[in-house]
Every structure is written in structure tokens, then in C-alpha cells.
Amino acid sequence: MSKSTNLVLLIDDEPKIRRFIRAGFELHGGFTVQEAEDAAQGLHAATFNAPDLIILDLALPDRRGDEVLDLVRSWSNVPIIILSADTNEEEKVRLLEAGADDYVVKPFGIAELIARSQAALRRYFKSSNENPVVTAGPLSIDLVNRTVLLNNNQIKLTRKQYRLLHVLATHLGLVVTHDQLLDHIWSGSVRKNIQYLRILVRDLRQIIEPDPNRPRLLITESGVGYRLQSRIEDITLA
């Protein structure tokens, strides 16, 4: 099985730049690129699609890139890499102090941008988790490489199944509400349809639970949401 991909949100108004970056990242592997041509599209995608990394151009047609940075930083710690033709050192320092994780000057090589993106993702997961591998009973979720082991065997998950497991793993042992999960996994008209979430939970349990009808890993908190058990002392491994 190939590993799940990191979702990169690319906010840039230049179609040629977007095509160049998308082709480079997807050729490299391990990334899926979502494009936004202006700040409004970018902020909507950042809010509802839960990207793993944002690549943000400063020169946007409807709003300054540093304003987008400030808005995203008001509610999210997602890694953000700035793209700019400005080589001014003071500007770089200002943006890094405002919350950018890195600053890449145009023109740039795609290998450099990918390397900086991978480094930003590693730093993010190491800073937000003592160990980027979350363990829950027989499950091991590698938040950096986006791979999942069950009883030391790698398992195949759909993107939405992994997204659900990822959100629960980053809140290990804590309840994540229905609305929080819906916001992370879906967008558009289906985003608030709890039935889609219940079906997704059921399908994930079929994969990770020894007995899906008596779940001991992915626990329902009635009327509230779901929780991934942090310790399961008496679970019998298959």
C-alpha cells in the first residue's frame, strides 16, 4: 500500500506557478495539491478542508498575503510557507515573527520547496506531539508519514478514513465532537450531515476493531462525538 498523502493548500494567483508546483509535488509523491487563486478561496479551503500545509503567495488580487497569514494563525498552527519575490530581509523576519514557518523567494527550484515543506511538516508534528507516532492499543498512527499499522501490519485506509483517524489520534483519549469531525473531513453541502460521519465511523471500525459491534478503540460518546482510546489494557490482539 502506498502511504496517504499530505494535503497542500496552494494559494497563488499565477496559473503557471500553480501548475509548476502541483506537477512537482505530485510527481514527487506523498502530496496532494489543492489550488486557490485568491485569498477568499484560500481562506475557505483552509477553514473547511484542513490542509496539512499551506503555501501562500504574498501578492494576491483581493487581499494581502500577510493578512491571510494573520487570519489563519488566529485559529490554526498549520505550517505555512510564504512565497514572494521580495528579498528584503526585514520583510522576511517580520513574516516569520508573524507566524510563517518558512519563506521562499521567487524564482525557486521545486526540489527546494518540497524539502522545505517536508521540514516544516516534521517540525510541526514534533512540536505538537512528543512522538509523531501515536499508539492506541494495537494501532500505530505515524502522523508524519501518514501510515497506519494494526498489530504491526500496515493497513489501507481511504483518505476520509485516515482523516477521521488522524483527527482522533491528535486528540488521543479526548472526545472530539461531531461538528469538529465534520468540519475536518467534509466541506460544502454535506459538511453538517452527521449520517455521513456515522457511516465513516462504521467503516473504519470494520478495519481497526477486533469486533466492530463491540468497539474498544473508537468509542462513541453518545450525543457528543467520538474518542480514540489511549490505553486498552485487556484487548486481545488478532
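# Reading salt bridges, a sheet and helix packing

Modeller: Start with Glu14, which is partly exposed at 38% relative accessibility. Keep in mind that the model is predicted.

Colleague: What does the side chain of Glu14 meet in a salt bridge?

Modeller: Look for a side-chain nitrogen of Lys or Arg within 4 Å of a carboxyl oxygen of Asp or Glu. Here Lys106 is the partner, with N and O 3.3 Å apart. Lys106 is buried, with a relative accessible area of 16%.

Colleague: Which residues are linked with Glu14 and Lys106 in a network of salt bridges?

Modeller: Asp12 and Asp57 join them in the network. A search of the whole structure gives 17 salt bridges.

Colleague: Take another case. Which residue forms a salt bridge with Arg18?

Modeller: Glu35 does, and the closest N and O atoms are 2.8 Å apart. This pair also links distant parts of the chain: Arg18 is in helix H1 and Glu35 in strand S2 (residues 31-36), 17 residues apart. Check accessibility at each end. Arg18 is buried at 10% relative accessible area, while Glu35 is partly exposed at 29%.

Colleague: Where do Glu91 and Arg94 lie?

Modeller: Both are in helix H4 (residues 89-97), three residues apart, or about one turn of the helix. Arg94 is partly exposed at 36% relative accessibility.

Colleague: Back to helix H1. Which residues does Glu26 touch, leaving out those up to four places away in sequence?

Modeller: Glu26 lies in H1 and touches Phe31 and Val33. Glu26 is partly exposed, at 38% relative accessible area. Its C-alpha atom is 9.6 Å from that of Thr5, a residue 21 positions away along the chain.

Colleague: Now the sheet. What is the strand order in the open sheet of four strands?

Modeller: The general idea comes first. Strands of a sheet pair through backbone hydrogen bonds, in parallel or antiparallel fashion. In this open sheet the order is S6-S7-S8-S9, with antiparallel pairing. Strand S6 (133-136) and strand S9 (153-154) are the edges, each pairing on one side only.

Colleague: How many bridges join S6 to S7?

Modeller: Four, and S6 runs antiparallel to strand S7 (residues 139-142). For a point of reference, Val134 stands opposite Ile141 in S7.

Colleague: Which helix lies across S6, S7 and S8?

Modeller: Helix H6 (residues 159-169) does, running at about 95 degrees to S7. The S8 in question spans 147-150.

Colleague: Finish with helix packing. At what angle do H7 and H8 pack?

Modeller: Helix H7 (residues 178-185) and helix H8 (residues 194-208) pack at about 85 degrees, with axes 10 Å apart. Angles of 65 to 115 degrees count as roughly perpendicular, so H7 is roughly perpendicular to H8.

Colleague: Which residues in H7 and H8 meet?

Modeller: H7 brings His178, Leu181, Leu182 and Ile185. H8 brings Ile194, Leu197 and Leu200. Sorted by class, the contact has six nonpolar residues, one polar and no charged ones.

Note on methods:
Residues are numbered from 1 along each chain as its sequence is written. This is a predicted model: local features need pLDDT of at least 70, side-chain atom pairs count only at pLDDT 80 or more; totals for chains, interfaces and linings use all residues. Side-chain values use heavy atoms; hydrogens and water are left out. Axes are lines fitted to C-alpha atoms, for helices over the stretch in contact, and angles run from 0 to 180 degrees between N-to-C directions. Helices (H or I, at least four residues) and strands (E, at least two) are DSSP runs, numbered from the N terminus. Angles under 35 degrees count as roughly parallel, over 145 as roughly antiparallel, 65 to 115 as roughly perpendicular and the rest as oblique. Contact means heavy atoms within 4.5 Å. Ala, Val, Leu, Ile, Met, Phe, Trp, Tyr, Cys and Pro count as nonpolar, Asp, Glu, Lys and Arg as charged, and the others, Gly among them, as polar. Buried means under 20% relative accessible area, exposed over 50%, partly exposed in between (1.4 Å probe, protein chains only). Two strands pair if DSSP finds at least two bridges between them.
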